[in-house]
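Here is a friendly walk through one protein model, for reading with the structure open beside you. Take the headings in order and find each residue as you go.

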Amino acid sequence: MADPLLGELGVLRAARQAIDEGLISTQDYDVVKVAFLRAQQIKAGLDAGFIRQDDYVLARDAYLNALDLSVLAVPSSGAATPAGGGTGGGFGVGLSANGARNSGSGSGSVRGDAFGSGGGQAPGGSMDGGGGGGGRGWRASGAATDLAAVLADVPQYAAKGVTNGKCSMAGIGLAEECVNLFMHMKQRSAFKWMTFKVDDSGKTVIPDRVGGKGSSYEDFVATLPEHECRYGVYDYEYISPERGGFSKLVFINWAPETAHIKTKMMYAATKDFFKGFLDGIGAELQASEFSEVSEDEVHAKVVANLSRK
């Protein structure tokens, strides 16, 4: 069984990709590189017989505590794999919004909320996926906004098991429901926007929230956490003097500067894998600040893509 402290070269490759995409800085990468080397040094001391197993465990835990990380339990060979067939490899840590240990549920602080009180949905509101403590990894914020109920009404568009056994370079799988939800949005215009997140185990991308047809772009932005990453898809409607009215599905990779380095790497290394299942994306927007995720930015991306065609 691989030791959870040992980093893999895939971690550094993911960090390098994150730099290329502007999701982390070179200083962030240097932190990851130093952490990788420290992990190798601690394990090398054990392998060479310089330290005992018990001392190694203490050194490992002290090191991880200093990084404010929490090692996930490695499942046994007989354990069930997460939805989407993730292998549980890759980074192997669980992080909360601020990088603290995260073994329970909760999705971190969110800028605003699009829900009405008393469990009802406000006009133009969203349907909440909430935190992912147990079960399928999402839950409702109220009876009237039960995302599980929404998913139950979504037809099976993707081939059964299309995501099984597949994962990103970070070892993160994809819940099949994400593909079906996206296809329902694309073919039936059932939703105005939707967000996705990596579940609390750090092993699977799952649905997070969806916005009804009457939902606005401001509603979408208000659901983006200040300190956590998200993937989003927005159905942007545009009127062109040459082409008239049409809409484009815009993929948004939200990676705020205040998110933990490891989280940003994890999302960066999984983005293209996830997008590969979303046929019909018309434009892509990378954003690390709320000023970069404005509707004007989305408009500019859509127009730029049209100009290249």
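Ala14 sits in helix 1, which covers residues 9–20. Helices here are DSSP runs of H or I with at least four residues, strands are runs of E with at least two, and both are numbered from the N terminus. With a relative accessible area of 1%, Ala14 is buried. Buried means under 20% relative accessible area, exposed means over 50%, and partly exposed lies in between, using a 1.4 Å probe and protein chains only. Look for Met169 as well: its C-alpha is 7.5 Å from that of Ala14, although the two are 155 residues apart in sequence.

Two notes on reading this model: it is a predicted one, in which local features need pLDDT of at least 70 and side-chain atom pairs count only at pLDDT 80 or more, while totals for chains, interfaces and linings use all residues. Residues are numbered from 1 along each chain as its sequence is written, and side-chain values use heavy atoms, with hydrogens and water left out.

Asn180 lies in helix 5 and is buried, at a relative accessible area of 7%. What does its side chain reach? The side chain of Asn180 comes to 2.9 Å from the backbone nitrogen of Tyr157. This is a polar contact, a pair of N or O atoms within 3.5 Å; within protein, one atom must be able to donate a hydrogen and the other to accept it, and residues adjacent in sequence count only if both atoms are side-chain atoms.

Ser189 is placed in the loop between helix 5 (176–188) and strand 5 (193–198). Its phi is positive, about 50 degrees, although Ser189 is not a glycine. Ser189 is partly exposed, with a relative accessible area of 39%.

## Salt bridges

Side chains of opposite charge can pair when their charged atoms come close. A salt bridge here is a side-chain nitrogen of Lys or Arg within 4 Å of a carboxyl oxygen of Asp or Glu, and the whole structure has seven of them. One of these joins Lys186 and Asp279, at 3.7 Å from N to O. Lys186 belongs to helix 5 and Asp279 to the loop between helix 7 (261–275) and strand 9 (281–287), so the pair ties together parts 93 residues apart in sequence. Lys186 is partly exposed at 32%, whereas Asp279 is exposed at 55%.

Glu237 and Lys192 also meet in a salt bridge, at 3.5 Å from N to O. This pair links distant parts of the chain, with Glu237 in strand 7 (residues 230–240) and Lys192 in the loop between helix 5 and strand 5, 45 residues apart. Glu237 is exposed at 57%, while Lys192 is buried at 11%. Another salt bridge pairs Glu284 with Lys275, where the closest N and O atoms are 2.4 Å apart. Shared partners join Lys271, Asp272, Lys275 and Glu284 into one network of salt bridges.

## A negative patch on the surface

Glu218, Glu257, Glu289, Glu292, Glu295, Asp296 and Glu297 gather in a surface patch of negative charge. Patch residues have over 30% relative accessible area and no salt bridge, and like charges are joined within 9 Å. Asp and Glu count as negative, and the charge is placed at CG of Asp or CD of Glu.

Which helix gives the most to the negative patch? Helix 8 (residues 295–308) does, with three residues. Glu297 is found in helix 8 and counts as partly exposed, at 33% relative accessibility.

Conventions:
Patch = residues over 30% accessible without salt bridge, like charges linked within 9 Å, V, L, I, M, F, W, Y side chains within 5 Å. Areas by Shrake-Rupley, 256 points an atom, 1.4 Å probe, with all protein chains shown as cover.
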